[in-house]
Amino acid sequence: QGYRLAADKAIEILNKIATKVSIDDEATLKKVAITSMTGRSADKASEHLANLVVKAVRAVSEVEGGEVRVDKDNIKVEKKTGGGIGDTEFIKGIIIDKERVHSAMPTRVEKARIALVDSAMEVKKTEIDAKIRITDPTQLKAFIDEEEKGLFNMVKAVKGAGANVLFAQKGIDDLAQHYLAKEGIFAARRVSKSDLEKLSRATAARIVSNLKEITSKDLGHAGVVEEIKIGDEKMIYVRECKNPKAVSILVRGGTKQIVDEIERSIQDCLGVVPATLIDKKVVAGGGAPEIEVAKQLRTYAKSVGGREQLAIEAFADAMEVIPRALAENAGLDPIDTLVDLRAKHEKNGVNYGIDVFEGKPIDMLKKGVIEPLRVKTQAIKSAS
């Protein structure tokens, strides 16, 4: 019972000491992102990466009735080895790990009008196993002509709708590729369903199942669609979308291990930045909120009394594990550090935490070490 009381009180205290943050406060959001990357190999480029993540999250966040909604699935993180960490970039649109289907197609299309198709541009097989008996050479020619005409009509429908870029979820027949190239249409095939959906969100295109019914209203728009060689492979960039609801981050690094590590750091940022936007509250880092919670819980314990008091005091001791571990890892004396921190908090220094580089308590909010409130409340809820 005492432990439960302490958990509820701890969350109440955290909410009281938290600082409000608005969706437009990019500086604070960047600090939150940088804090989450501290101590990783991404540390050196943390400023650059934090910038990209904040841009991406703000691009896909939607505000409804004062509440912010962020769907992380709308941010595509693509990895490619080669280049430096600084080459990691944010794309206002989608990157697709595919290449155009025919070498005669243009490599770059400006003012792209994009058609998204989830059916195949191939000659349909019959539903049942059927045999076609041909008794005359002219019948064979008529049969092949009919197949070609079917494919030509599909390409004509795409061209007629005004599209100059086509992404297909399934295959595109060799002959259809030839017709598309002739019309100057940029096309890619076997694009995954999730990528098609992201393209739809980024370009406002509708995914079409029946090519015969495609119209100009189904098309999406992007400033540029181009195929670019990155490392040893080619990729398709769909960028400069007007108001994309899906965006991409392309992670670069010298080796596979670095790229994987940077991606993990970016995923951490993609956890904390949306949490900050949704709750609109942050707390200081460096063990500051834990020391404050412990201090206020000890005062609260006296007012509760009885056996519960012992449990609440034990909970307060447990909260101090965070600053203690920080001190030990930094090679400082944990007891001296805790005494210094408590002294600062007694004098109303709510945001004073431990600066592991200086080895003394400082105001963490001013230093820019900031965490989302949710990280702290979630830890307390799940632990207790």
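Modeller: In this predicted model, a residue counts as buried when its relative accessible area is under 20%.

Biologist: Is Asp 218 buried or exposed?

Modeller: Asp 218 lies in the loop between β10 (207–208) and β11 (220–230). Leaving aside neighbours within four places in sequence, its contacts are Ile 114, Ala 205, Arg 206, Val 208 and Glu 213. The cut-off for burial is under 20%. With a relative accessible area of 8%, Asp 218 is therefore buried.

Biologist: How do α1 and α8 lie relative to each other?

Modeller: Two packed helices are described by the angle between their axes and the distance between the axes. For α1 and α8 the angle is about 130° and the axes are 9 Å apart. Angles over 145 degrees count as roughly antiparallel and 65 to 115 as roughly perpendicular. The orientation of α1 and α8 is therefore oblique.

Biologist: How many residues of the contact of α1 with α8 are nonpolar?

Modeller: On α1 the contact includes Leu 5, Ala 6 and Ile 13, and on α8 it includes Val 293, Leu 297 and Tyr 300. Of the residues in this contact, one is polar, two are charged, and the nonpolar ones number 11.

Biologist: Within what arc do the buried residues of α13 fall?

Modeller: Helix α13 (residues 373–383) has the buried residues Leu 373, Lys 376, Thr 377 and Ile 380. Seen down the axis, these residues line one face of the helix, because they fall within an arc of 90°.

Biologist: Which exposed residues does the face of α13 turned away from its buried side carry?

Modeller: The buried residues of α13 are covered by elements including α1, α8 and α9. The face turned away from that buried side carries the exposed residues Ser 382 and Ala 383.

Methods
Residues are numbered from 1 along each chain as its sequence is written. This is a predicted model: local features need pLDDT of at least 70, side-chain atom pairs count only at pLDDT 80 or more; totals for chains, interfaces and linings use all residues. Side-chain values use heavy atoms; hydrogens and water are left out. Buried means under 20% relative accessible area, exposed over 50%, partly exposed in between (1.4 Å probe, protein chains only). Helices (H or I, at least four residues) and strands (E, at least two) are DSSP runs, numbered from the N terminus. The arc is that of the directions from the helix axis to the C-beta atoms. Contact means heavy atoms within 4.5 Å. Axes are lines fitted to C-alpha atoms, for helices over the stretch in contact, and angles run from 0 to 180 degrees between N-to-C directions. Angles under 35 degrees count as roughly parallel, over 145 as roughly antiparallel, 65 to 115 as roughly perpendicular and the rest as oblique. Ala, Val, Leu, Ile, Met, Phe, Trp, Tyr, Cys and Pro count as nonpolar, Asp, Glu, Lys and Arg as charged, and the others, Gly among them, as polar.
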